[in-house]
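Biologist: Hey, I'm new to this one. Can you put it up and walk me through some details?

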Amino acid sequence: MMAFDWAEPATLKEAVALLDPEDATVRAVAGGTALMLMMKAGVFQPTRLISLAKIEPHYSQVRIEKDGTLKIGAMATLSAVEQSADVAEHFPVITETLRTLSNVRVRNVARVGGALAHGDPHMDLPPLFAALGARVVARGTAEVREIEVAELYAGYYETHLKRDELIAEVIVPGLKDSRAAYLKCTSRSADDWPALGLAVHLDVEGRDVIKRARIVLGAATDKVTRLKETEDALNGATPTDPVLKRAAATAAEEVSLLGDAHGSAAYKRELLKVYLVRAIRHALRGKHA
Amino acid sequence: MSSRSIRFTLNGQATSAAVETHWNLVELLHQLGLTGARESCGQGLCGCCTVLVDDIAVSGCLFLAVRVDGTKVTTIEHLDQAGLSLVQQAFIEAGAFQCGFCTPGFVLMTHQLLERHPDPSEDDIKHYLSGNLCRCGTYPEILEAVRLAAKAKKAARS
Amino acid sequence: MKFTGELSVNAPREEVFDKLKDARFFACCVKGVRDLKELSPTTYAAHFETKIAYIKFNFEVTVELTEAQRPCRIAAKIEGKPHGIVGRLSATSAADFHEAAGVTTIRYEVEASLTGRLGSIGQPVLKAKAKEMEREFVENLRSGFLGDVEAVLP
Amino acid sequence: MSEIGRTLPRLESRAKVTGRADYAHNLRVPGMLWTKIFRSTVAHGRIVSIDTEAAKAAEGVFAVVTGEDIKSVMPEPYFGPAFHDQPVLALDKVRFVGEPVAVVLSHDTHLAEQAVQLIAAEYEELPPVFDEIEATTSQAIVHETLKPAGTFADLKHLAGRKNTNIALDYQLRRGDVEKAFAAADHVFEHSFRTQQVLHVPLESHAALAEPGNGTLTIHTSSQTPSFVRMEIARLLGWPENRVSVKVPFLGGGFGAKVYVKIEALASALALIAGKPVKVALSMEEQFYTISKHATTFTIKSGVTKDGRVVARKCDVYWNGGAYADIGPRVAQKTGFTAAGPYDIENVSIDSYEVYTNRPTAGALRGFGVPQLVWAYESHTDLIARALNLDPIEFRRKNILRDGRPQATGTAMKDAAIDKVLERLAEAMGGTFDRGSGGMRRGRGLAIGFKASISPTTSCATVNVNADGSIALYINTIDMGQGSDTAMAQIAAEVLNVGAETVRVVHGDTDLAPYDMGTLGSRSTFHMGHAVKLAAEDARAKLRALAAEVGLPKGTNYDIKELFKKRYGMQAGTIVGTGAYVPSYAPPEAKTGQSANVTPFWMVGGTGAEVEVDTETGHVRVVKLVNVADVGRPVNPKIVRTQVSGGATMQLGFTLHENMVLDGGQVTNASFADYKIPGFRDIPLMETELVDAEQESGPFGAKGVGETATFGVSPAIANAIEDAIGVRLTELPITAERVLRALRDRDGHPLGDDE
């Protein structure tokens, strides 16, 4: 690694002001776990890093609003979210997902904001948050705006955040009576980047009618992808075996998958079909899980 | 400015050091003569570089040294200040290591695990330690060591 | 990494062949190529810049036309050296042209490999990037035949 | 209490759990230069030029060294245990992507790394060859001339041979296979492949060389300090006494650190720089340093209708990569066991070590045996299934029993093949839950055996100090296998002291005598003998001393008093020495026949229960039962840990580890993409040591480090077939491969888009 400047602003506003939209070698660093990997590999050589470690402490808070909305400060560590009793009670799917996200030490250091801004499609939180209808609050020099997580990604490692914007907070609407599940599949060792990650979020009517489905795919595409046609195939349907089979076939058709070291595109298509059914069943089985 | 002067508490001792911004924590510790945390995979996946920063385990190889400014850093070398810890004793009793290169990481992570889950299930242990790798394949013995340590800690409490 | 694909353009294959054989046109279809220089009638040098997120990669590239059988087949060998990092990009590509009812079908095959640091890690990213470039290339090529060649100049 | 068979915690336990154990990785000395290596970006090519000017001018650069520069201190800078084919830094040609071409030296490792990026090399590309079968007939020749080192007699005929990639063609002939095939009721032929994998010890290779006054000291993570000294002295043209090799503990070895790896480079650089120089590889660089052979093995058997194997023909191709390393030994020493632990009258084996443009392959835990067992034990189950025989019964009928000649003609002795098989049969027998729906369970087992490397020498010294304390001096390296503890136990047993009181001084060629190397599970047997002899020598000298000072024979004496009586005060030392080399009969060149091909046999087997998810192809190993004949275990606890550890390593090689190459470039050179087993991959492990004794071993003991690796892969493949009725013939058995095999069988093959 090469020497660079290190800045530690005391506020998020200052941090945003230190970003240089013209200079891609100036980056903000939250937990830094992903950025460090790029720097050590020699592919990213920053001239200046802006550490967010000392910005206002409220950006590290994890809290549930009265209406059930979950608000996570961008600087909250993944461990803080994982260990939050509130999150476990109201969003068990998030707690469950974090348990197998990378490892304890990474979760101790990595921040929610960084995990969403990094844009590696293999990550677990983006598809899950996208399925839950979460939004990020992006703070720029001029404005503060909200972006749906489902709309945040432009490509591999690429987001629609502007160069002078930082994620300040993530807002996850309350689950209420809806059901959600995130299942991932590793194809080599148990602890690995997934070959496929699939988040489903279902509003259920009565005992068994899916009123509205949100299905988001990770890892098998170059960016987190919402499977809208599959959602349509499920909306208003009772998830019987033939319905699920049809939905699985739709999913396999609607998206172009990327083969990689975890499996060929053809294999991932099979996984998608299987995991779609499993994730929906898993979501419907648990209360919130 | 790429060189910074930092102050932190290292294994109970007030410490100051001049660091380059691009150094990671393991490099700093090696320069300070502490070699129990070692960089192996360099990607935070194997756990050989485990260090506690403000009592929380981090991968030293992915942690910039400048970031320990103002913190409390604890390394494996501090655990036997008052004799071998119960976890260290359990690792010896269970024969839970071969080459020993990954052992400091496993010992530190086991300390953290038992603080969080004093009575961990097998599943808890496997999940918590899944970010530590042992190429010698000593996992069954490590599992046993964690159980022994949990038992010993429980006994020590009562 | 191997990429194969097929596309069709509304033009006779002689025309398609001639255009593709024209290094200037070809270079226009690849996003990020500039400073094309002809070293000989069959070899060219260029600068190629691509970026993944906020990270830029620059390559000095040479292209050698290894086969040109008008109007059915064209093949080239590409080599690139990245700036600031040890590595090497090498690729062979071939395109076969078939015509039916005034429509030319191009079947292409690219075999690319990247050695050195960029090749040993980050293969998934590169593969995703290469797919993206492939899509752009096809789009540019199509629009190059639809309208003016200049329309696709970067 | 006997010291042998005693479960004693490792002597270095405290140092290891407190992070204070020494590794070459940790070492730094004042004034030391760090190094970073510039590596080849082409798989095969002539070096046209290397431009180091920009790197030399970069900040903090002390020097930039190329292959030509090495010649100033090593006139013939080629090394290797079997062939002198590997240049310290590439000369004239590069032979794989990742080959070291130049080195930057700097006081700062980051500055060195930056400067490396400024080096530019130009190559004239040559056609590369990567596949071991293609390489046998390819026009792409990796080495223009073969240069056997002369260390091994049976390689001499290869000297100077041109235009071939075959570095060794070993053959064994016993009986007449063709005739037997013609007479057999059934003939079966199958082909099996294994992938290139890696050792990846968590401590990557590290060596620090310090020039002295006409001397050179090398601190290194080596399994073979004596060989390193010999080879560096040869390269420098120095006598061995001017080269010192010191080895602390190893953070794992598994064969990655045998012979010379980075020591020649560190030595040359230190002498060129006139300063201490450290070469420490990163995890990524391990991928360009040493690996395990990919193989193709075609095996053909003639079987009678009642299930007797009467003939077996084996053709094994070992993908050796760019340099021979110890590959020719693998092809030969391992090759002669290719027909398996079976009593077969007619055997023909051809085993080829082949050069390719891949990173070099060498010795990895099992020394090629796991690749062979993968084939012959998969083949064994396939035959049993085809003949509708119980796989265990079929094996029972054919295994080699003590006294029967193995394929080389050497009579089996103290090889508990039958006991291992019976124990496995018991463990895997009975009914079990076969699963339901898409989840199916099955069981399988496999057995294998290995000969010890021979003939090799070990020497040891035991000092009895005037206070009665005992120190043992050996060049066996403790890399986690527990040799320090086991050797202390052997010395303690002879000298009648507690093993924990014995100090073991290991890995120092200035202090300890010669040892061939810590490899091939040879230490317990060979060094165990040498230590026993040295301890016995010391004991005899103590007795002589007792007699000298006038104590009647058989008197109980305090050692301390003995020295005092003899020297008038606490003074003097008794030095016991021991050297051991087993007897050996070299195999006949054309037939491979020998009356005494190995001093002992290692025998191991594995039983596996698996659960297959037929929708995704995922294989979960539910249980692994590893049964080993280890003779009499010196330290049962450590032995058991080694057995399950070996099985765990092979589990990774079976299910997911795979070195992936694209255009010669390793594309997964990191733990993010080369996945070794972690906690959540480990099945229920059962370890069984059969009741056995190696009569010729020290206190009945023999080697154990590799034994549990033998049967893992085929046991799992056999269990998968038992569960879902499909056969996998290529490693690794990934979920995708299983699903593809299932779909192929069902007539709905999966598409081949990438």
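This is a predicted model: local features need pLDDT of at least 70, side-chain atom pairs count only at pLDDT 80 or more; totals for chains, interfaces and linings use all residues.

Biologist: Which residue does Glu615(D) form a salt bridge with?

Modeller: Its partner is Arg278(A), and the closest N and O atoms of the two are 2.8 Å apart. The pair crosses between chains: Glu615(D) sits in the loop between strand 26 (601–613) and strand 27 (619–629) of chain D, while Arg278(A) belongs to helix 11 of chain A. Arg278(A) is partly exposed too, with a relative accessible area of 25%.

Biologist: How many salt bridges are there between chain A and chain D?

Modeller: The count is 5. Another salt bridge brings together the side chains of Asp191(A) and Arg680(D), at 3.2 Å from N to O.

Biologist: And which part of chain A gives the largest share of the side that touches chain D?

Modeller: That's helix 11 (residues 265–285) of chain A, with 9 residues. By class, the side of chain A that touches chain D has 12 nonpolar, 9 polar and 6 charged residues.

Biologist: How many residues does each chain put into that contact?

Modeller: Chain A puts in 27 residues and chain D 22. Together the two chains bury about 2,000 Å², with 47% of that on carbon and sulfur atoms. On the chain A side, Met1(A), Arg188(A) and Tyr267(A) supply 27% of the area buried against chain D, more than any other three residues.

Biologist: What about polar contact, how many residue pairs across the interface of chain A and chain D?

Modeller: There are 12 residue pairs in polar contact across that interface.

Biologist: Let's look at chain A by itself. How many helices and strands does chain A have?

Modeller: Chain A has 11 helices and 14 strands. Its radius of gyration is 19 Å, close to the 19 Å that the globule rule gives for 289 residues, so chain A is as compact as a globular protein of that length. Along the principal axes, its C-alpha atoms fill a box of roughly 60 × 45 × 35 Å.

Biologist: What share of the residues in chain A is buried?

Modeller: Buried residues make up 61% of the 289 in chain A. As for contacts in chain A with a separation of 6 or more, 61% of them come from residues 24 or more positions apart.

Biologist: Over to chain D. Which residue does Arg6(D) form a salt bridge with?

Modeller: Arg6(D) pairs with Glu500(D), and their closest N and O atoms are 2.5 Å apart. They are 494 residues apart in the chain: Arg6(D) is in the segment before helix 1 (13–17), and Glu500(D) is in the loop between helix 14 (483–495) and strand 24 (503–506) of chain D. Arg6(D) counts as buried at 15% relative accessibility, and Glu500(D) as partly exposed at 45%. Chain D also has a network where salt bridges that share partners join Arg385(D), Arg434(D), Glu721(D), Asp722(D) and Arg727(D).

Biologist: Now the backbone. Is the peptide bond from Ser454(D) to Pro455(D) cis or trans?

Modeller: That peptide bond is cis, with omega near -5°. Pro455(D) lies in the loop between strand 21 (439–451) and strand 22 (458–465) of chain D. The bond from Arg70(C) to Pro71(C) is cis as well, with omega near -5°.

Biologist: And what is the phi of Asp325(D)?

Modeller: Asp325(D) has a positive phi of about 45°, although it is not a glycine. Asp325(D) is found in the loop between strand 17 (309–321) and helix 10 (327–334) of chain D, and is buried, with a relative accessible area of 3%.

Key: Residues are numbered from 1 along each chain as its sequence is written. Chains are lettered from A and ligands numbered from 1 in the order in which they are written. Side-chain values use heavy atoms; hydrogens and water are left out. Helices (H or I, at least four residues) and strands (E, at least two) are DSSP runs, numbered from the N terminus. Buried means under 20% relative accessible area, exposed over 50%, partly exposed in between (1.4 Å probe, protein chains only). Contact means heavy atoms within 4.5 Å. Buried area is the accessible area (1.4 Å probe) that two parts lose on being put together, summed over both. A salt bridge is a side-chain nitrogen of Lys or Arg within 4 Å of a carboxyl oxygen of Asp or Glu. A polar contact is a pair of N or O atoms within 3.5 Å; within protein, one must be able to donate a hydrogen and the other to accept it, and residues adjacent in sequence count only if both atoms are side-chain atoms. Ala, Val, Leu, Ile, Met, Phe, Trp, Tyr, Cys and Pro count as nonpolar, Asp, Glu, Lys and Arg as charged, and the others, Gly among them, as polar. The radius of gyration is taken over C-alpha atoms; the globule rule is 2.2 Å times the number of residues to the power 0.38.
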